[in-house]
Amino acid sequence: MELDQLDLNPRVLAALKRASLKSVKEVLRVSGPDLQRRTGLSSPDVQRLLVAAATHLRGHCVLTALQLFQQREHFPTQHQRLSLGCPWLDRLLGGGLPLDGITELAGRSSAGKTQLALQLCLAVQFPRQHGGLEAGAIYICTEDVFPSKRLRQLIAQQPRLRTDVPGEVMQSIRFGDRIFVEHAADVDTLLECVSRKVPVLLSRGMARLLVVDSVAAPFRCEFDGQASVARARHLQSLGATLRRLSSTFQSPVLCVNQVSSEVQGQRGHMARRPQDERLCPALGITWANQLLMRLMADRIHEEAAMLGPCSRPTRTLQVVFAPHLPPCSCSYTVSEEGVRGMPGTVASDMGQLQNSLAKVPRSPISNKQEPGCRSPGIKVTEVSHDNSASALGGRR
């Protein structure tokens, strides 16, 4: 952008040319005092110059957030999502997984986390008009062997799950040839894999989805409580690498995570009701800060579900936090065909959040405690490892 387009005194423009400043961007890269020294202009002249340059570069069109949202069709890449292969699950997530950022899928064992990860590995291979990215997937296993048997079962059932895709399109995709599997049993191997091997596949367009299953396993094995600083440093390095890969290649990253359960009791007795149990994703706040979106998958055992209402679902997928979504949840089922959301079960959790906040105990200073009674905040931690076999013959 040439300086002659600015509404300035010819004397100021001549001073800029003598100082070899030829564009507006060059002027804005120089500080006010440096401009005075290089051009010999007075301080008021320099201030008027900077204001004129900034105004001309910015333009006069100011858009509100609503106007930007209404014009989202002009920015297809920023609003594109990777479909989960189910319209109800896509509706829960506002269209699917964002292409830029890390999505965490946490949950207890046998909740269906790996099932959903495998389904995404197939969904990414579909054409864009069917919610895919027309590329393969990278699957990094850190604790179990890759569930190839269950993957073959899902591939065979794709025509029944994805009835929206024409048969000729389905037959043209070679699902099994576009999933790249890597095993990383320790932190160093995992970091080397995402730093050297993964960028090669992403840069060549061979893959547009990265799955880490699970992210917690190598860190829990190598670091104890005394090595929290070293663990945090490695977690930050892993998170920064994954975010850079996702942003550079516009490829979603899905990290499966383990959980621990905290059970709140009353009067020193451990609570046995399902609603008193709270799931906490592993790796703490250091890892949570690396995430764009956190999802929580939960499965209630049949005997626990019978304690509540008769229509209580056994599996739920909840949006814990996301910058573009409200807290909400959806019930789903895992069958031979894959993971399906249950119609009519997508609901906001704002009411549940308000109820849970109302149940938070007050400060012990304001609540008197009877002598000899223990505080009700008893915590029982149980690590949930995602290693159980599915009743379908596959995993999770």
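Predicted model: local features only at pLDDT ≥ 70, side-chain atom pairs only at ≥ 80, totals over all residues.

Reader: Let us take helix H13 to begin with. How far apart are its end C-alpha atoms, and what span should its 22 residues give?

Author: Helix H13 covers residues 228-249, and at 1.5 Å a residue it should span 32 Å. Its end C-alpha atoms are 32 Å apart, which agrees with that expectation.

Reader: Which residues of H13 are buried?

Author: The buried residues of H13 are Leu 235, Leu 238, Gly 239, Thr 241, Leu 242, Leu 245 and Ser 246. They cover an arc of only 160 degrees around the axis, so they lie on the same side of H13.

Reader: Why would residues three or four places apart point the same way?

Author: An α-helix has 3.6 residues a turn, so residues at that spacing face in one direction.

Reader: And which exposed residues sit on the face of H13 turned away from the buried side?

Author: That face carries Val 229, Arg 233 and Thr 248, which are exposed.

Reader: What covers the buried residues of H13?

Author: The cover includes three strands, namely S3 (102-107), S6 (207-213) and S7 (253-257). It also includes the helices H11 (187-203), H12 (217-222) and H14 (284-288).

Reader: What follows H13?

Author: Gln 250 follows H13, and its phi is positive, near 50 degrees. Gln 250 has this positive phi although it is not a glycine. It belongs to the loop between H13 and S7. With a relative accessible area of 21%, Gln 250 is partly exposed.

Reader: Where else is there a positive phi in a residue that is not a glycine?

Author: Glu 134 is one of these, with a positive phi of about 55 degrees. Glu 134 is placed in the loop between helix H7 (113-123) and strand S4 (136-141). Its relative accessible area is 44%, so Glu 134 is partly exposed.

Reader: Let us turn to helix H3. Which of its residues are buried?

Author: Helix H3 comprises residues 32-39, and Gly 32, Leu 35 and Thr 39 are buried in it. These residues cover an arc of only 55 degrees around the axis, which puts them on the same side of H3.

Reader: On to charged pairs. How many salt bridges does the structure hold?

Author: The structure holds twelve salt bridges. In one of them, the side chains of Glu 104 and Arg 294 meet at 2.4 Å, N to O. Glu 104 lies in strand S3 and Arg 294 in strand S10 (residues 293-299), so this pair ties together parts that are 190 residues apart in sequence.

Reader: Are those two residues buried or exposed?

Author: Glu 104 and Arg 294 are both buried.

Reader: What is the partner of Arg 162?

Author: Arg 162 forms a salt bridge with Asp 164, and the closest N and O atoms are 3.1 Å apart. Arg 162 has 4% relative accessibility and therefore counts as buried. Asp 164, with a relative accessible area of 46%, is partly exposed.

Reader: And which residue forms a salt bridge with Arg 340?

Author: Glu 337 does, with the closest N and O atoms 2.6 Å apart. Arg 340 counts as partly exposed at 29% relative accessibility, whereas Glu 337 counts as buried at 13%. Elsewhere, salt bridges that share partners join Arg 11, Asp 45 and Arg 48 into one network.

Reader: One last topic: which peptide bond is cis, with omega near 0 degrees?

Author: The peptide bond from Asp 213 to Ser 214 is cis. Ser 214 is found in the loop between S6 and H12.

Reader: Is Ser 214 buried or exposed, and what is it in contact with?

Author: Ser 214 is buried, with a relative accessible area of 1%. Leaving aside neighbours within four places in sequence, Ser 214 is in contact with Thr 142, Glu 143, Val 256 and Gln 258.

Notes: Residues numbered from 1 in each chain as written. Heavy atoms only, no water. Helix = DSSP H or I, 4+ residues; strand = E, 2+ residues; numbered from the N terminus. Expected span 1.5 Å × (residues − 1). Buried < 20%, exposed > 50% of the residue type's maximum accessible area, 1.4 Å probe, protein only. Arc of directions from axis to C-beta. Contact = heavy atoms within 4.5 Å. Salt bridge = Lys/Arg side-chain N within 4 Å of Asp/Glu carboxyl O.
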